[in-house]
Amino acid sequence: MKKVLVITYYWPPSGGSGVQRWLKCVRYLRDFGWEPVVYTALDSEYPVIDASLAQEIPAGVEVIRRPIWEPYKLYKRFTGQKKEQRVVSGFLNAQKPSLSRRISMWIRGNVFIPDARKFWIRPSIDFLVDYLQDHPVDAIISTGPPHSMHLIARGVKRKTGIPWIADFRDPWTNIDFYKELQLSGWADRKHHRLEKSVVTEADRVVVVGNVMREEFEVISGRKVDVITNGYDTADLRPQSKAARDAKFSLLHVGLLNVHRNHEAFWVALRELKAEIPGFAEDLEVRLVGKADVAAAESIARNGMETQVTMVDYLPHGEAVVQQGRAQVLLLSINNTPNARGVITGKIFEYLASGRPILCIGPEDGDAAHIIHAAQAGLVAGFEDKEKLKSHIAHYYAQFRADTLEVQSLGIEAFSRKALTGNFADLLEAITQ
């Protein structure tokens with residue numbers, strides 16, 4: 001088999017969405033004639049830990065873990081957090097940040113460029129250049145964020161000439177929180193300069209959606225490939241109708257930050273409770289994952305405390321089971337300037353669950369297009385309370401009639417194995 005070096009920060013025991021894309025691709029690369037070698041960090045400060053994901057690493061895959069220095073210990077000491085606390089970015093919190101957090105955010109944006117893993121770039125380049133002399137590979141793939149992974153790959157490419165694919169799971173300078181980094185003009189120019197160097201020097205650039213593709217094609221002046229995120233058929237655990245929640249459950253899985261907490265949703269539920277007999281008694285909203293204080297405030301403001309259950313985090317396998325049991329899956333898009341291009345990774349697992357989706361986000365966005373094409377759910381704008389009420393009432397009527405089902409057409413193209421095949425095609429193209 002040909003060999004590919006995969007440079008990724010997120011790797012088991014990391015949990016959350018960032019680890020899924022390349023954990024799954026590594027699982028299936030051998031089926032397409034490629035042997036993966038994974039380069040990742042040792043003892044990283046991951047926001048979420050999910051030790052169960054280590055079971056998904058294929059037997060015999062070489063995983064190179066190298067020490068990394070991250071400034072999070074200093075950050076926690078400076079901001080008064082406990083050592084054992086996991087760092088969640090301050091800009092996700094609706095509360096006014098303290099002076100120490102505001103100072104930390106300024107340092108993050110203007111000193112740690114492109115991100116807090118910048119101190120791992122030079123040691124990783126030096127190590128990998130030496131390593132590859134005795135352990136050659138045919139290609140390199142870097143995946144970001146964090147975008148320091150791309151700079152490692154760029155450095156190795158410059159020194160070795162090995163073909164390289166840069167895979168962007170999220171934007172760089174167009175990420176939703178970019179404006180919140182309090183960047184100086186100098187720092188902003190450096191971010192843009194580094195971003196352009198990556199997208200022009202890589203042999204191929206891959207993104208997860210069409211809006212991102214358009215944005216990166218403007219930056220790079222070249223063709224950019226789209227390979228979406230997906231679902232793994234090996235994770236599917238079909239639920240019988242009898243195993244579904246007895247209540248009219250609306251389930252949200254993942255981070256519910258201030259930008260994903262939409263007041264119109266909570267207002268719609270409050271009004272439906274008053275308008276539809278039995279709705280309040282049947283309703284259950286389950287939030288699985290970290291929730292911002294903004295969500296708690298919205299829940300209290302709209303009198304939803306008795307209908308809402310909050311679970312901090314579940315291992316991935318348990319979250320998949322929850323999705324199969326839910327009556328409706330809530331997909332909440334970030335209400336930020338780049339919202340049209342946001343395709344959260346969980347949308348594909350939602351599709352694979354076969355349960356109806358309620359999406360709150362741009363009706364002309366990439367996520368809405370995927371949902372409509374699959375006939376898998378309904379979409380309402382961020383502030384469109386009346387449409388949200390109509391959609392929820394429609395689903396509730398089907399729930400009461402025991403007919404709440406969807407089609408989920410054509411989702412086979414989003415299987416992790418099929419998507420890995422797309423990456424293998426690109427690898428073949430750059431190594432011929």
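**Aromatic rings and their partners**

Lys 118 lies over the face of Phe 119, 5.6 Å from the ring centre. A charge sits over a ring if NZ of Lys or CZ of Arg is within 6 Å of the ring centre and within 35 degrees of the ring normal. The model is predicted: local features need pLDDT of at least 70, side-chain atom pairs pLDDT 80 or more, while totals for chains, interfaces and linings use all residues. Residues are numbered from 1 along each chain as its sequence is written, and side-chain values use heavy atoms, without hydrogens and water.

**Exercise 1.** Classify the pair Tyr 9 and Tyr 10.

Solution.
- Rings of Phe, Tyr and Trp (its six-membered ring) pair if their centres lie within 6.5 Å; planes under 30 degrees apart are stacked, over 60 edge-to-face, the rest tilted.
- The whole structure holds 17 aromatic pairs.
- In one of them, Tyr 9 and Tyr 10 are 5.0 Å apart centre to centre, with 85° between the planes: edge-to-face.

**Exercise 2.** Is Tyr 9 buried or exposed?

Solution.
- Buried means under 20% relative accessible area, exposed over 50%, partly exposed in between (1.4 Å probe, protein chains only).
- Tyr 9 has 0%, so Tyr 9 is buried.
- The charged end of Arg 117 sits over the Tyr 9 ring, 4.3 Å from its centre.

**Exercise 3.** Classify the pair Phe 348 and Phe 414, then check their burial.

Solution.
- The centres are 4.9 Å apart and the planes 50°, so Phe 348 and Phe 414 are tilted.
- Phe 348 is buried at 0% relative accessibility.
- Phe 414 is buried too, at 16%.
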